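Dear colleague,

Please find the structure below, handed over for your review.

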Amino acid sequence: MKNFGFSVNKSRVIEYDQNDRALFYYLMRVEPSVSLCIACGACTATCSAGAFSSLDFHKIMLSIRRGEKVYIAKEITQCMLCGKCQLVCPKNVNTRGVILQILSFLQSSQL
């Protein structure tokens, strides 16, 4: 077979059934406002820590729904808990509460 310099890309499918969504269910129980998030990105746009680091609350919310705890554990520690994201949230998601609950969950699960 002739080599044209192309190859088959690795599959980029997210297997939701294989991810552990315990953090998502925990947040739904202890901080129900997380279900109001419409992923508008206002929190990320105003984030003071995000201006100087890779912190992206929008991606964290997406990772929570996907069950990607390793990424969340790496990024969440960069938050300064200033609360600007909560002030601009159009759905009044208690973002500081969400972050504190994530930290509590991660400490209890020792990730």
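Please bear in mind that the model is predicted.

Salt bridge

A search of the whole structure finds 1 salt bridge. The partners are D20 and K69, whose closest N and O atoms are 2.9 Å apart. D20 sits in the segment before α1 (22-30) and K69 in helix α5, so the pair ties together parts that are 49 residues apart in sequence. The side chains of K69 and D20 are also joined by a polar contact of 2.9 Å. D20, in contrast, is partly exposed, at 41%.

Cysteines

How many disulfides does the count come to? The count comes to 0 disulfides. C40 is in no disulfide, and its nearest cysteine sulfur, that of C89, is 6.1 Å away. A disulfide requires the two sulfur atoms to be within 2.5 Å, and a disulfide is a covalent bond between the sulfur atoms of two cysteines. C40 is partly exposed, with a relative accessible area of 46%.

For C85, the closest cysteine sulfur belongs to C79; the distance is 6.1 Å, which is too far for a bond. C85 is buried, with a relative accessible area of 11%.

Backbone positions with positive phi

Most residues other than glycine have a negative phi.

L81 is not a glycine, yet it has a positive phi of about 55 degrees. L81 is placed in the loop between α5 (69-75) and α6 (84-88). With a relative accessibility of 26%, L81 counts as partly exposed.

N92 likewise has a positive phi of about 55 degrees although it is not a glycine. The position of N92 is in the loop between α6 and α7 (95-109). N92 is exposed, with a relative accessible area of 60%, because the limit for that class is over 50%.

In short, the search finds 1 salt bridge, the disulfide count is 0, and positive phi values are found at L81 and at N92.

With kind regards

Key. Residues are numbered from 1 along each chain as its sequence is written. This is a predicted model: local features need pLDDT of at least 70, side-chain atom pairs count only at pLDDT 80 or more; totals for chains, interfaces and linings use all residues. Side-chain values use heavy atoms; hydrogens and water are left out. Helices (H or I, at least four residues) and strands (E, at least two) are DSSP runs, numbered from the N terminus. Buried means under 20% relative accessible area, exposed over 50%, partly exposed in between (1.4 Å probe, protein chains only). A polar contact is a pair of N or O atoms within 3.5 Å; within protein, one must be able to donate a hydrogen and the other to accept it, and residues adjacent in sequence count only if both atoms are side-chain atoms. A salt bridge is a side-chain nitrogen of Lys or Arg within 4 Å of a carboxyl oxygen of Asp or Glu.
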